[in-house]
Structure formats: C-alpha cells, structure tokens
Amino acid sequence: MKLIIAIVHDDDSAALTDALSSSGFGVTKMCSSGGFLRSGNTTLLCGVEEERLEEALGLIKDRSSGRKQFVDPALISPIAGMQGATPSFPIEVSVGGATVFVLEVDRFCKF
Ligand code: 2BA
C-alpha cells in the first residue's frame, strides 16, 4: 500500500475530494498553510493499493490547476538572496497544481 500526500489549492480541494471518494478511494482532507506564502492550502491523505496508485495520481493531476498569484512581499517569508531588499510592489508567484509525495506504507489497520 502507498500513502499519497497531496498539497493542493483550496479552490480545487472539493472537486478533487469528490472525485477521489466517488472512485472508491479513502481520503482525508486537512487544512494547511504554505511556509512561503503563509496562506491556506489543503493537504489530502489518500491510502491506495499499489495497483490503483496511478489512477489516483491521475485524478489529482487532472483536477489541480496551477495558478499565478500576486502577493505582497511583506506578507511572505524572506526570499533567498533578497534579504534587506524586499520589493515594495506585489510580486507574481506560481503555485501548484499539486505538490505530491508518495510514501510506502508499512502497515495499515483499522481498529
Ligand atoms: P508555499 O510554501 O506557500 O509556496 C507557494 C508557492 O510559492 C510555491 O508553489 C512556489 O511556486 C513559490 N515558492 C515557494 N518557496 C519559494 C521561495 N523560497 N522563493 C520563491 N518562490 C517560492 P508550489 O511549489 O506549487 O508549492 C505549493 C505549496 O506546496 C507550498 O506552499 C507548500 O505548502 C507545499 N510544498 C511545496 N514544496 C514542498 C515541500 N518540498 N515539502 C512540503 N511542502 C511543500
């Protein structure tokens, strides 16, 4: 078994959760925040049998859209190499589609 950890945009999370659930995947949705933008995103946990891993990843890929956001540099974490020189104008940041980790599961039980 594999555990998919997928960090997605809040706006994609409902459709993605519905798609995974209606395809028979168990999914847990957690509220999270990015360390860079410090704004909300959604982290999904999805335990899948190995033979359905690509199917689940395909659903996540198809329903996670990349976005460009303008952010106030004062509200984000310092950008490497720009310490002391924070721009005073909004900067454009590309976010997502989905940031995905796939982990091996040692053991899965429900008590
Ligand atoms: P954030 O950390 O808020 O990052 C949002 C977006 O800001 C990132 O999009 C990236 O395009 C940009 N960004 C991040 N750090 C940056 C930096 N030091 N300088 C310039 N731009 C930077 P994504 O890469 O698509 O990441 C979306 C979210 O996925 C992240 O939100 C974070 O919550 C999560 N994430 C990304 N990589 C991760 C990792 N290696 N481990 C854990 N979580 C990760």
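Asp-12 is located in helix α1, helices (H or I, at least four residues) and strands (E, at least two) being DSSP runs numbered from the N terminus. With a relative accessibility of 8%, Asp-12 counts as buried; buried means under 20% relative accessible area, exposed over 50% and partly exposed in between (1.4 Å probe, protein chains only). This is a predicted model, in which local features need pLDDT of at least 70 and side-chain atom pairs count only at pLDDT 80 or more, whereas totals for chains, interfaces and linings use all residues. Residues are numbered from 1 along each chain as its sequence is written, and side-chain values use heavy atoms, with hydrogens and water left out.

**Surroundings of Asp-12**

- The side chain of Asp-12 makes a polar contact of 3.0 Å with the side chain of Arg-67. A polar contact is a pair of N or O atoms within 3.5 Å; within protein, one must be able to donate a hydrogen and the other to accept it, and residues adjacent in sequence count only if both atoms are side-chain atoms.
- Residues up to four places away in sequence not being counted, Asp-12 touches Arg-63, Ser-64, Ser-65 and Arg-67, where contact means heavy atoms within 4.5 Å.

**Helix α2**

- In helix α2 (residues 53-62), the buried residues are Leu-53, Ala-56, Leu-59 and Ile-60. These residues are on the same side of α2 because they cover an arc of only 130 degrees around the axis, the arc being that of the directions from the helix axis to the C-beta atoms.
- Glu-54, Lys-61 and Asp-62 are exposed on the other side of α2.
- The cover over the buried residues of α2 includes β1 (2-8), α1 (10-22), β3 (40-48) and β6 (99-104).

**Ligand shell**

- At Gly-35, a polar backbone atom is 3.2 Å from an oxygen atom of the ligand. The corresponding distance is 2.9 Å for a polar backbone atom of Phe-36 and 2.8 Å for one of Leu-37.
- Of the 750 Å² of accessible area that the ligand has on its own, the protein covers 54%. Accessible areas come from the Shrake-Rupley method with a 1.4 Å probe, and for residues only the protein chains shown count as cover.

**Ser-32 in strand β2**

- Ser-32 belongs to strand β2 (residues 28-33).
- The side chain of Ser-32 is joined by a polar contact of 2.6 Å to that of Asn-41 and by one of 2.8 Å to that of Thr-43.
- Neighbours within four places in sequence left aside, Ser-32 is in contact with Ser-39, Gly-40, Asn-41, Thr-42 and Thr-43.

**Backbone geometry in the loops**

- Most residues other than glycine have a negative phi, and most peptide bonds are trans.
- Arg-38, in the loop between β2 and β3, has a positive phi of about 60 degrees although it is not a glycine.
- Arg-38 touches Leu-75, Ile-76, Ser-77 and Pro-78, residues up to four places away in sequence not being counted.
- The peptide bond from Gly-96 to Gly-97 is cis, with omega near -15 degrees; Gly-97 is placed in the loop between β5 and β6.

**Separations in sequence and space**

- Ile-5, in strand β1, is 93 residues from Ala-98 in sequence and 9.8 Å from it in space, C-alpha to C-alpha.
- Not counting residues up to four places away in sequence, Ile-5 touches Thr-43, Leu-44, Leu-45, Thr-99, Val-100, Phe-101 and Leu-103.
- Phe-108 lies in the segment after β6 and is exposed, with a relative accessible area of 53%.
- Phe-108 and Val-93 are 15 residues apart along the chain, and their C-alpha atoms are separated by 38 Å.
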